[in-house]
Each structure stands twice: as C-alpha cells, then as structure tokens.
Amino acid sequence: MAILSDADRRDLWAQYMRDISDLREPCAINKTDLRAALDAMDQWVSDNQASFNAAIPLPARTALTSSQKARGLMLVISKRFVKGV
Amino acid sequence: MANTRAELFPESAHFPSSNFPQVVTVNARPALAYDASTDETAYWTAFAPQGLTGTMNATVTYIMASATSGSARWGVQVEAVTDGDALDLDATTSFDTANTGGATVPGTAGYIDQLAITLTNADSIAAGDYVRFAVYRDADGTSGTDDATGDAYLLGVEFRDGV
C-alpha cells in the first residue's frame with residue numbers, strides 16, 4: 001500500500017494537533033518534529049502492511065476488507081494506548 | 001509614559017468568512033483558539049481615542065493548549081478610516097502592512113505569555129478614526145518561525161500609545 005499523500009499527511013498532522021489541544025495534553029516537541037514523527041508512522045504502516053495482514057488468522061484474513069482490518073487495528077491501538085478514546 | 005488605548009477581548013471579536021479561530025472557554029476564561037497549521041484571523045472594531053500620540057504597540061496575551069517548546073508568531077494589522085476617505089466600506093478592506101512578532105512559548109502549557117508588537121504600520125491612524133484591528137497567528141511561518149505545537153489561546157490584546 002502506498003504512503004499517504006502530502007495533503008493527507010498534512011490533514012492528519014493538523015487533526016493530531018487539534019485533538020491534543022482539545023484534550024489540553026502537553027506536547028514536548030515542535031510542529032516540525034511532530035510532522036516528521038507522523039510521516040514516519042505512515043511509512044511504517046506502509047512498510048509493514050503485509051506482515052500485519054499475515055498476522056490475522058483465517059478466515060478473517062481473507063473475509064474482512066482492508067478497511068475492516070484497519071478499523072480493528074485502530075480500536076486495538078486506542079484501547080491499549082490512548083486515553084480518552 | 002505609555003497609555004492603554006484599547007483592550008480587545010474574545011467576546012467582542014468578529015470574523016472573516018473563513019480561516020478564523022474558534023471561540024472557546026478555557027477554565028471559564030473566554031479565549032480564541034488559533035490553529036497550529038493554518039493562519040487564522042479575528043477582527044475588532046473601535047474608534048481611535050482622542051489624544052492618541054506617538055508610537056503604538058499591541059500586546060498579545062495568550063497561552064498554549066499543549067506546547068511546552070517552540071515559538072508562536074503573531075501578526076497585527078490596522079485599518080484606519082478617516083472622515084472623507086475614499087474607501088467603500090461595504091466592498092473594500094484596506095489593512096496596512098502586517099506588524100509581526102514572535103516569542104518562545106512558556107515551558108508549561110497554560111502559562112501566560114505577553115508579546116508586544118510595535119505597530120510600525122498603523123495606517124496613519126488618527127484620533128477619531130473608525131478603526132479595525134486584525135489579529136492573526138502566523139501558523140505557516142511566513143514572517144518568522146511558528147513551530148509551537150497545537151492551538152494558541154488568545155486571551156486578549158492591549159493597545160498602547162506613547163511607547
């Protein structure tokens with residue numbers, strides 16, 4: 001899967017900053033470094049999509065759509081790491 | 001000695017049709033939430049007071065929602081309309097060149113910072129003029145570095161003369 005477009009990455013970066021602002025969550029890095037971090041996360045997702053898919057057992061691996069698998073991953077990450085979600 | 005000539009608070013702001021800060025309350029304090037990724041502008045209207053003299057500056061009072069490092073960049077523009085000016089107010093805006101300034105944000109989010117910006121470009125403001133002030137965050141860093149993460153909450157702007 002290709003990485004996100006620059007426009008999508010920018011939208012994601014802007015949304016991240018809005019979200020942490022709404023939560024009044026301190027952030028110790030500047031905007032530039034945050035953007036670099038988010039871009040790297042997107043790259044990691046792209047680089048590891050195949051291994052992520054391989055980790056999903058059958059029948060889900062073939063029966064779920066890509067969007068459904070992504071939703072599952074998002075919920076797992078949120079439950080594990082993100083407060084307030 | 002400097003004199004306070006106007007005090008601009010979030011409750012009296014008005015806004016362009018796009019790219020404007022959200023009106024929020026922060027711990028029951030009214031504030032304007034200026035985005036970190038896009039320049040946003042708010043306007044205030046006043047009459048230039050009698051006795052206006054000397055150099056003016058605008059002191060922007062703000063806090064950061066999240067940032068504990070980096071810089072925030074602000075801009076202030078003045079549009080001063082004098083009786084008899086050939087300016088069609090229902091069709092035209094005529095702000096003077098932006099006056100900008102920046103500061104390193106406080107090391108704790110929520111701590112106040114006050115940034116004084118000299119109004120070198122004040123549209124030849126004179127006592128009695130019908131005035132609009134535009135205050136924006138230069139989030140894209142056109143005039144200087146703005147790399148503080150997250151919203152900047154503007155709490156108010158104080159205009160002084162005789163500085």
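Helices here are DSSP runs of H or I with at least four residues, strands are E runs of at least two, and both are numbered from the N terminus. The model is predicted: local features need pLDDT of at least 70, side-chain atom pairs count only at pLDDT 80 or more, and totals for chains, interfaces and linings use all residues. Residues are numbered from 1 along each chain as its sequence is written, chains are lettered from A and ligands numbered from 1 in the order in which they are written, and side-chain values use heavy atoms, leaving out hydrogens and water.

**Stop 1: chain A.** Select chain A. It has five helices and zero strands. From the N terminus on, the order is α-α-α-α-α. The C-alpha trace of chain A spans about 40 × 30 × 15 Å along its principal axes.

**Stop 2: H1 against H2.** Select residues 6–22 and 31–47 of chain A, helices H1 and H2. They pack at an angle of about 120°, with axes 10 Å apart. Axes are lines fitted to C-alpha atoms, for helices over the stretch in contact, and angles run from 0 to 180 degrees between N-to-C directions. The pair is therefore oblique, the class left over once angles under 35 degrees (roughly parallel), over 145 (roughly antiparallel) and 65 to 115 (roughly perpendicular) are taken out.

Now show side chains. Contact means heavy atoms within 4.5 Å. From H1(A), the residues include A:Trp13, A:Tyr16 and A:Met17; among those they meet in H2(A) are A:Leu34, A:Leu38 and A:Asp42. The contact residues divide into six nonpolar, one polar and seven charged. Nonpolar covers Ala, Val, Leu, Ile, Met, Phe, Trp, Tyr, Cys and Pro; charged covers Asp, Glu, Lys and Arg; the others, Gly among them, are polar.

Stop 3: Most residues other than glycine have a negative phi, and most peptide bonds are trans. Select A:Arg24, in the loop between H1 and H2 of chain A. Its phi is positive, about 55°, although it is not a glycine. Next, go to A:Pro59, in the loop between H3 (49–55) and H4 (60–63) of chain A. A cis peptide bond joins A:Leu58 to A:Pro59, with omega about 5°.

**Stop 4: the second largest pocket.** Return to A:Arg24, one of the lining residues here. H1 of chain A, with strands E2 (22–26) and E3 (29–34) of chain B, each give two or more residues. The lining divides into five nonpolar, one polar and six charged residues.

How values were computed
On a 1 Å grid over the protein atoms alone, a cavity is a set of points where a 1.4 Å probe fits but cannot get out, and a pocket is an open set with protein on both sides within 12 Å along at least five of seven lines; lining residues have an atom within 4 Å of a point.
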